[in-house]
Number of protein chains: 2
Amino acid sequence: AHHNHHHEGGDGASSEGRAATGERLSEIPCVINHESEVYGRVEQKPDGTEVFEWSHSYSRVYNPQGPYTPTGTFLNFELYNVEARERVKCISGTEGVPMSTQWQSSGYTYPIQIAQFGLSHYCKHLTESSPKRIMIEDGGEHQASWLEGVNTKVLRVADPMVHTNVLKFKAPESSSKGGAILHLAKIPTQNMLVLSLNLLLHGNASFSVTVEFQDKKTEVVTIHYIRSEKILQVLDRHIYYGLGEQTGWRTVTRNLLIDVHKGATSSPSLRKKFKKVSRSKLTIVSLSLHGEGSVTNITLASAEHLHHFYDAANWLLKHQDEQGGWSIPVPRKVISGVLELGAGWYSAMAQGQAMSLLIRAAHHSGDSRYLKAAVRATSLFSVNATRGGVRTYFPGGYVWYEEYPTNPSLFVLNVLDSILSAFRCMGMAEVVEVTVAWGEVDPTFVLLRCRQVRGDSSNISGDLFEDGMRSLKRLLPLYDTGWGSLYDLRHFTTHVPPNRARWDYHTTHITQLLLLASIDTDPVISSTAQRWKDYMNGHRSKHN
Amino acid sequence: AHHNHHHEGGDGASSEGRAATGERLSEIPCVINHESEVYGRVEQKPDGTEVFEWSHSYSRVYNPQGPYTPTGTFLNFELYNVEARERVKCISGTEGVPMSTQWQSSGYTYPIQIAQFGLSHYCKHLTESSPKRIMIEDGGEHQASWLEGVNTKVLRVADPMVHTNVLKFKAPESSSKGGAILHLAKIPTQNMLVLSLNLLLHGNASFSVTVEFQDKKTEVVTIHYIRSEKILQVLDRHIYYGLGEQTGWRTVTRNLLIDVHKGATSSPSLRKKFKKVSRSKLTIVSLSLHGEGSVTNITLASAEHLHHFYDAANWLLKHQDEQGGWSIPVPRKVISGVLELGAGWYSAMAQGQAMSLLIRAAHHSGDSRYLKAAVRATSLFSVNATRGGVRTYFPGGYVWYEEYPTNPSLFVLNVLDSILSAFRCMGMAEVVEVTVAWGEVDPTFVLLRCRQVRGDSSNISGDLFEDGMRSLKRLLPLYDTGWGSLYDLRHFTTHVPPNRARWDYHTTHITQLLLLASIDTDPVISSTAQRWKDYMNGHRSKHN
Ligand SMILES: [Ca+2]
Ligand SMILES: [Ca+2]
């Protein structure tokens, strides 16, 4: 199940759940259930009526699974389904990352969303059972029965560029005229809707997939992957994803369910017909190749999490700027006229989640480029928000790192939590612990590399971590309302009403505190986590 | 009605009301009443059960009556009935001020309680209609019919010491043998239970009052006012108040209802019989004089608020120490083992309420001794709590003045509010406004006198006021939970759970903010007051 109302701006590391509202107070018993995992409280709607707001089962606290490791799962991100979110326009064909429409309907890349997409697939990779996978065509051992249409020819050769066998094809560029067609109805591809292939396209070559959706009626649609910079277009029952215009071999991984869903959603005529598209109702009818090119390692799988993970990691590598940041290309109004950010702002959340992803990519691949990028990403944490960075201070010299570096500051709690985890990931704070967790990469090497990248011998991530942890432990109580938690301290800085955390953010706070409690044993962290759990069972702090 | 559970330590300027608890959630509808002045919310008891806590009519917000004047009423203290509180042992005969038993059962003077006692009577004096008063005996125009018992003689003479006619009496010192007796049953003294007289006692002379309490049975008790340092003793149906052993003329004012009530309460045998003693059920039977002495201006009145006010003011004058403070002679455990104060600590609340009282006494009497004492009382606000003073700082250099100057700090909100009012009272912050309010005393004179007392030309109260107001405006949002207010910031300094303000303290916060809003127009004060009012109508701040 995916939850379309989930608000990514301001969510960061929130769980996917969202509290359902709408039931009248008078219709339901006003009691707190101490036994089940359903929580709730009376809330007031803008029109003044009272509702009892249930917090459904997604609003759960996740206890850390075993000791903290900077290369393991990231919070409970294995439950995320980023690409299914309504505000994700689609997964781009050019780079394989989500395109957001949240603050700009034409679509843009939002680094937080991309990092969450990558991290969620990394976590799924670690936690799910092995995917089912079937090799359709590799030009050698696995050879499929391609039908050659008008003016179409396929042949299998060893390709000197990729050092493997490939299927070369030559056919009309127009998909309505011939093409190499592979019917898949007889192959048992049930629930294996993630298509992956190595591809080389010339001219206006393309490949396409025809799928069938069985609901009340049987609906058929064809998805075309073409050489174009246009992200997504729909004409009649044809959905076009642009793969970009670059030349050379590449790997393309597409979740066909998501591609159908996003394509249909963007089309007024298809939207209704494909409303309830789901894995079990979708069948791949055929795959076809058009124009001139080569292809190999065509697989269908139930999941290709690492492919998506590296698509995100590589996007971060490619788009990191000279400040080590991933600037956000759209303006952001946190509170209209009070707290606004112009296009091009940086987010500590983006930097932190990117670091968490990159350090895992470095760990998994052993490729030091990811590590260098993670280290470079720390720079903006030493630049004040007033100068375009992400750092601010609470009175008394308590540093904070801001998701939205507005002036005045917001002091969002879950962002600091996330970033502390990220710094911890950096493996520089306490090398000894990292030695154990790091596994494949020599920690001494990691530390030295980090210092080389920065050109100094200071322990940057360690300092950032220590300073942030000091702030967290000092200021954490200011988010405690005695019956719940606050999302940020905007009331302190702007004098607007306190911004109470809804239940799923409250549970996120607890989950993050439990994670930090496994790193730092200060009782303020563990006791706050316990008290905030108790609030979910209807407890409140005493009044005087 | 008086509310015995009211907690003076930690109340300061709270209203007298207390929310009643105990009703089970299941027994009452869980709705917020938007129309009436009854408020409430679901609270949890220590045993885990839920109760709906009503806030009765005493928990009301008081809007300032007209523009702020430093010599007018003090908050809503006209509603206070300090001497009726259960933790007040009695009103001492020696100095006419309440004796507290809250933290030490033998009784001690607690400057906050004494200041509140005085201020409440000052406010009642300003707000109540004129008391009814009857002159019983003044040795001249008004002559009562004294019965002369065995070996007893009275005569009326002009006394050269007090420049007035007096009644001289000579009788056995033992009250069981003779005495000058005045039967009052025929005099219409209904509801006039405050006895006042000018008195000179020699040796073991005394006076006594016999009163009758009509409930199911008629109970009779005699109150003896004797030359002794013992505060209160009860033997059988005789209650003894010690007037001290000093010689010379003095004025004694006794609320007989309170004296009966406190005496009966302290006696296991009388306690049950005088349980429901009330004004309308009490009749004064007789007054009698024993031993040798003089008396005049014997009056009975429905109230003598100014007498009580000056008893408190004179106690403050007499007991102010060389630091300008009134130290508290008992230890105080705010949180056992965490926040404790040894005997002899100072309280900003005591200093502030004393200043508020003294400045009113200076205003009313024109006597500059009260003014000097008020100015001296500011000294401890410039001494840090760690050095025995009442000042502390929130991170970022925000000064706070502490009722309980513990280490770590508490940052009680209503204390700062009260103290800001007190500083304002001092008339030094903005002399122009005070010129208008001051009335009888020339403000230039006041300012000069203050500077003379301090020996410098600095504007001490003005600085204290400005610094405190800056802190209040900056930190006020930290007390806002989105549905109520916090009483203090102990969770921030000690990591215990947040100390939520119960409804009557919440209303006190609002009342004090409305008062401050009439002094400072910063919207954070007025908007917070409005939002906190809205919380009482069931509103909450939005969640994200
Ligand atoms: Ca966020
Ligand atoms: Ca108090």
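Leaving aside neighbours within four places in sequence, Phe394(B) is in contact (heavy atoms within 4.5 Å) with Phe394(A), Phe411(B), Leu475(B), Leu478(B), Leu489(B) and Phe492(B). The model is a predicted one, so local features need pLDDT of at least 70 and side-chain atom pairs count only at pLDDT 80 or more, while totals for chains, interfaces and linings use all residues. Residues are numbered from 1 along each chain as its sequence is written, chains are lettered from A and ligands numbered from 1 in the order in which they are written, and side-chain values use heavy atoms, with hydrogens and water left out.

Phe394(B) belongs to the largest nonpolar core, which has 191 residues. Such a core is a set of buried Ala, Val, Leu, Ile, Met, Phe, Trp, Tyr and Cys residues joined through side-chain atoms within 4.5 Å; buried means under 20% relative accessible area, exposed over 50%, and partly exposed in between (1.4 Å probe, protein chains only). The members that touch the most others are Phe381, Phe394 and Tyr401 of chain A, along with Phe381, Phe394 and Tyr401 of chain B. Apart from this core lies another, of 45 residues, including Leu182(A), Phe207(A), Leu232(A) and Ile239(A). In soluble globular proteins, nonpolar side chains tend to be buried together.

Now for the charged pairs. Over all chains there are 21 salt bridges, each a side-chain nitrogen of Lys or Arg within 4 Å of a carboxyl oxygen of Asp or Glu. One of them joins Asp215(A) and Lys281(A), with the closest N and O atoms 3.6 Å apart. This pair links distant parts of the chain, 66 residues apart: Asp215(A) is in the loop between β10 (194–214) and β11 (218–226), and Lys281(A) is in the loop between α3 (268–271) and β15 (282–301). Here helices (H or I, at least four residues) and strands (E, at least two) are DSSP runs, numbered from the N terminus. Asp215(A) counts as partly exposed at 37% relative accessibility, and Lys281(A) does too, at 26%.

Arg254(A) and Asp259(A) also form a salt bridge, at 2.9 Å between the closest N and O atoms. Asp259(A) is buried at 1% relative accessibility, and Arg254(A) is buried at 2%. In chain B, Arg254(B) and Asp259(B) meet in a salt bridge of 2.9 Å, N to O, and both are buried.

Turning to helix packing, the axes of α4 (residues 305–319) and α5 (residues 348–365) of chain B come within 10 Å and cross at roughly 115°. The axes are lines fitted to C-alpha atoms, for helices over the stretch in contact, and angles run from 0 to 180 degrees between N-to-C directions. On the α4(B) side the contact includes Leu306(B), Phe309(B) and Tyr310(B), and on the α5(B) side it includes Leu357(B), Arg360(B) and His364(B).

A cis peptide bond joins Asn407(A) and Pro408(A), with omega about 5°, and Pro408(A) sits in the loop between β19 (398–401) and α7 (413–425) of chain A. In chain B, Asn407(B) and Pro408(B) are likewise joined by a cis peptide bond, with omega about 5°. His163(A), a residue other than glycine, has a positive phi near 55°; this residue lies in the loop between β7 (153–159) and β8 (164–170) of chain A and is exposed, with a relative accessible area of 71%.
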